Amino acid sequence: MQLDITNDSLAVYEALASDVRLKIIQLLSTKKMNNKELAADLGLSTAIVTMHIRKLEEAKIIKTERVGQQKISSLRVDKIEVIFPKKIFNAFDIKENSIPIGHYTNYSVEPTCGLATLRNFIGPVDEPKYFMDPSRMNARILWFTKGFVEYQSPNFLSNSEKLEMMEISMELSSEFPFANDNWPSDITFTLNGIELGTWTSPGDFADIRGKYTPDWYPDNLNQYGILKTIRIMNHGTYMEGDPVSDVKISDIPAHEDTWHLKIEVKETAKNVGGCTLFGKGFGNYDQDIKIKTFYS
């Protein structure tokens with residue numbers, strides 16, 4: 001589960017603001033339990049435990065299912081990540097491009113793979129040839145197990161403008177048939193032939209529905225990803241403050257007409273766990289791939 005600093009995430013923060021509910025989460029991390037078992041372990045009445053369970057259910061941290069005459073509770077998530085507002089670099093001017101998910105200009109993918117628009121799948125899934133279907137331009141989500149997709153975006157910097165920093169952001173996850181929260185994948189990012197670094201996605205998530213994922217899209221398929229921001233600076237390349245390579249902004253060809261961004265799962269990667277890209281109308285972030293250039 002991924003949260004932000006907005007009222008949309010408030011229910012989760014409120015659910016966690018209780019020592020009793022934290023103890024319930026700790027107990028459910030070991031096994032599924034019914035309300036009577038939880039009440040006995042906590043030394044509380046069943047009525048009080050039921051109230052706390054309801055709060056955790058509303059926050060989509062746990063789920064409850066009826067088995068016979070019992071209500072059994074279990075955890076829905078195994079990780080919660082909080083994304084803080086991005087720092088704004090006021091010292092530089094900014095040019096920003098947004099690339100829709102289906103507007104890749106080159107690809108080579110292997111099943112499992114597929115694409116979907118806001119209304120339906122594009123052709124049968126696991127058929128790479130449909131990545132060349134003209135309707136791919138309307139795709140808002142795509143996924144593949146191995147290979148790459150490459151995007152192009154215009155570089156609007158003039159010769160008199162100095163490139164100071166770049167940010168590339170996108171929502172992505174691993175790719176597993178249906179979904180698997182624990183399915184690591186090494187996803188590599190390359191810009192204009194320069195390998196920026198590799199990020200290991202922890203899994204392919206379907207524990208809860210994506211905030212923007214269309215109603216028609218099946219519950220058991222990849223619902224949302226993690227918003228990752230690659231920042232190329234004058235002393236290296238970082239993701240959320242963690243270094244991923246020694247590539248500096250001075251290494252980037254600042255005045256080529258086009259940015260070429262490749263997103264790849266290499267055959268030689270340690271974790272070949274696929275890639276899912278989420279665009280506008282899918283996942284938890286209503287955005288496409290964004291490229292920001294900071295210049296002076």
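The entries below go from strands to a loop serine and then to the core.

**Ground rules.** I am reading a predicted model, where local features need pLDDT of at least 70, side-chain atom pairs count only at pLDDT 80 or more, and totals for chains, interfaces and linings use all residues. Residues are numbered from 1 along each chain as its sequence is written, and side-chain values use heavy atoms, with hydrogens and water left out.

**Strand β15.** I looked up residues 236-239, which form β15. Strands here are DSSP runs of E with at least two residues, numbered from the N terminus. I checked both faces of β15: G236 and Y238 lie on one side, T237 and M239 on the other, and all are buried. Buried means under 20% relative accessible area, with a 1.4 Å probe and protein chains only.

**Its partners.** Two strands pair if DSSP finds at least two bridges between them. β14 (residues 226-233) pairs with β15 in the antiparallel sense over four bridges. Two residues separate them in a hairpin. On the other strand, β16 (residues 242-245), I found three bridges to β15, again antiparallel. That hairpin also has two residues between its strands, and E240 in the turn has a positive phi of about 50 degrees. I then followed T237: I232 is its bridge partner, and T237 also stands opposite S245 in β16.

**An open sheet.** I traced five strands in the order β7-β10-β17-β12-β13, with antiparallel pairing. β7 (104-110) and β13 (194-201) are the edge strands, each pairing on one side only. β12 and β13 share seven bridges. T188 stands opposite T198 in β13.

**S174.** Where does S174 sit? I found it in the loop between β11 (163-173) and β12 (185-191). S174 counts as buried because its relative accessibility is 0%. Its side chain makes a polar contact of 2.9 Å with that of S201. Such a contact is a pair of N or O atoms within 3.5 Å; within protein, one must be able to donate a hydrogen and the other to accept it, and residues adjacent in sequence count only if both atoms are side-chain atoms.

**The core.** A nonpolar core is a set of buried Ala, Val, Leu, Ile, Met, Phe, Trp, Tyr and Cys residues joined through side-chain atoms within 4.5 Å. The largest one has 63 residues, and L142, Y151, I252, I263 and L277 touch the most other members. β11 gives the largest share, five residues. Apart from this core lies another of seven residues, including W143 and Y217.

Methods. Buried < 20%, exposed > 50% of the residue type's maximum accessible area, 1.4 Å probe, protein only.
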